[in-house]
Amino acid sequence: MKRAHKWKFGLMATTVLLGTVLSACTSETQTQPKTNDTPKTEPADAKSREMRTLQILTRPQASAPDEYERANLIAGAMKELGINAELKPMPYEQQSDIVWYKRDEWDMTGWQMAARPERLDPDEFVYNLFHSSTAKDGYNFIGYNNPEYDKIAEQQRITVDREERKNLIFKAQDIIANDVAYLFNVHPKLKYVYNHQVFDKNSIVEMAGMGIRNIWTYLNASPIGQQKNMVLNSNDSVQALNPFYISGSFDSWVTELIWDRLMRIDKDGLPKPWAAESVTWKTDTQIEIKLRAGMKWHDGKPVTAEDVKFSYEAPLTGEVPMYKPFVEIIDKIDIKDPLTLEFTLKRPWAAFETASLSKLNLVPKHIWGPIIEDLKTKPENAESYQEKTPIGSGPFKYENWKFKEEVVLSANKEHFSPPKIEKWIMKEIPNTEASLGMIENGEINFLAVFPGDGQLLQQKVEASQNLTMITTTDLGFQFFAVNHRRPPFNDVAFRRALAASIDRDLMAQVVYKGFAEPGDSVISPALSIWKNPNLKYPSGGVDEAKKILQEAGYEWDSAGKLLYPAGKKEELGK
C-alpha cells in the first residue's frame, strides 16, 4: 500500500451517575467477577483459552472529552463481561496513523464520520465504508467482508427508482446492524455559536444535518461592523491541504473552499450546478456538462474542460485511492469544446450527481499532471503530496498554514460567487474550555466545534448579549470501530455482545447532556427518508451480552475472566 498522509474521518461528564460508572475504570480494566458469575468448575483448558487484554485507542480527554468518556463507559461494560480492556489515549495524529496504515495491528478505536454535504446521499456511507473492495486502502479500514452486503451496496448504486433504492438502503442497514460492523454510539447534536454583533443574523445559513457550519454560511456571512474576518476554531490539526486527499473533517473544511466542484449540495440537501453552468442528463448513462465561462485558477490561468477531464481520470491511475470509488463507474469522458464535456457511465448510478459531481475537487492539469506522472515511478501516491501554495479555483485562496496553529484563506473576489468576508481563519484550539473562553471574549467569532458540555455552552450563550447558538442533529455519527481482521472481533457473536453491553441512551444523556441521539446506523435521523426505523441493533445491557456469549460457547474461568469457546485459543501475542 502506497503511503499517504495521516487520515481521520474525526465532555467531561460531571454527574454522579457517570462518576459511578467511571470509578470502576482505570487505564487497564481488571476483572472483578461477581460471586454468581463464577463457575463452580473451571474448564480444564481455561489457561489456553484466555483472552488477551484488548486495547482501546482514543483521543485525550482535553481535546475530545466525549470520545474519552465513551471509551471509559465501554471499558466498564467490558469489565463486567470479564474482558480486560486497556485505554490508550493518544494524539489524533498517532491514532489515525495506526488505524489507517497498520490495519491489522489495532483492536478498537474511537472514530467519527463527519457531516459533509455530499454525504446527504447515503451512497458514500453505505458503499465506501463497508464494501470489501475498499478494505485494503480505502474507507473500509475495519476489514468488513460480507458478499451479500456487497451485492446490495452495488445494487443501490444503479437503482434509479427512489422507493426501490430506499428498500435496498434499508436492507443494507439491517445487515450492518445484525453483523455489528461498528459499535454505534450516537448522532451528536451539533452545537454552533456565532457573534451576531459581527455577522448579520439573516446571512447565516442552516443546512439539514450540517447546521450553520457550511460553505453557504462562509460565502454569505455579512459583516456588520469593523471586523471583516471570520475566525473559527478546530480541536484537531489539519493534516493536509490536498485536493486528492482528506485526512479528516478539518481538512475538508478547507479543501472545499480552495477547490471548486462541478456541483455543490445546496442548503436544501440537493445538488445544484456550481462550476458547471448546466448538468444535462441525455440518457441514464450520458451526462453533458457545460462549464461556466471565465473561471480562473488562483494562478491566473483559465479553467478548461481538459482540467475537468484530468480531475476525474486521475483517481483511475492508482495514485488517488481515496477518490477511486467515486469515478470508477465512469466509462469515458469526451471533450466537445473548451467548456463542454460528456460523461458516459458504465451503468446508471443514482447518486452520481451527489457522490461524484459534488464530491471531486477540480484541479489544474498544468500543476497536477506532472506530479501524477512523477508519482507513478515512486512508492508514494498523490495523497502524500503537499503543494507549497495550494492552487484551486474556489471562492477562497490559500494564504497561510501554520501546522497546529492556524489556516488562513483570503476571499477570491474574482470568483463567480465571491465571499462577503475578507478572510477565513481557522485556529487550532485543542482545549475545549479554552475555545469556550475565546468565543466569549471575542478572540474567535464562530465556535465551529465544541465537544464539551452542551448545557454549559447554552448557559454561557444565554448570559451573553452578543452570541447566538444553533443546534441540529448531526448528519454524521460517532462510534467505536472494531478490527474484523483480529480475534475476537472477527466473531459476530462477540461483536453483538459488546454492542448489547453498551448503554447508548446513557451516553446520550450523561456524556452529551441530552445533546445527542442514540445511534444504531450510519444513516442519521436527520435523513429520515433513508433511515431504517426498525433496526434490531443489539441492546439489553450486560445480562443480555452474557447470554449472547454463553450461547456462542464462551465461558468464564474461576476468576470471572472471559474464555474463548472450546477449541479456540488466542491467536495474537498477549
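**A first walk through the predicted chain**

Of the 574 residues of the protein chain, 61% count as buried (under 20% relative accessible area, with a 1.4 Å probe and protein chains only; exposed is over 50%, partly exposed in between). This is a predicted model: local features need pLDDT of at least 70, side-chain atom pairs count only at pLDDT 80 or more, and totals for chains, interfaces and linings use all residues. Residues are numbered from 1 along each chain as its sequence is written, and side-chain values use heavy atoms, without hydrogens and water.

The C-alpha trace spans about 80 × 55 × 45 Å along its principal axes.

The axes of α5 (residues 147-158) and α6 (residues 162-179) come within 9 Å and cross at roughly 155°. Axes here are lines fitted to C-alpha atoms over the stretch in contact, with angles from 0 to 180 degrees between N-to-C directions. Helices are DSSP runs (H or I, at least four residues) and strands likewise (E, at least two), numbered from the N terminus. α5 and α6 are therefore roughly antiparallel (an angle over 145 degrees). In α5, Tyr-149 and Ile-152 are among the residues that meet α6, whose side includes Leu-168 and Ile-175 (contact means heavy atoms within 4.5 Å).

Next, the loops. Pro-488 sits between β18 (477-482) and α14 (492-501). A cis peptide bond joins Pro-487 and Pro-488, with omega about 5°.

Lys-404 lies between β13 (396-402) and β14 (406-411). Its phi is positive, about 70°, although it is not a glycine. At 44% relative accessibility, Lys-404 is partly exposed. Lys-513 lies between α15 (504-511) and β19 (516-518). Phi of Lys-513 is also positive, near 55°. At 10% relative accessibility, Lys-513 is buried.

Notes:
Parallel < 35°, antiparallel > 145°, perpendicular 65-115°, else oblique.
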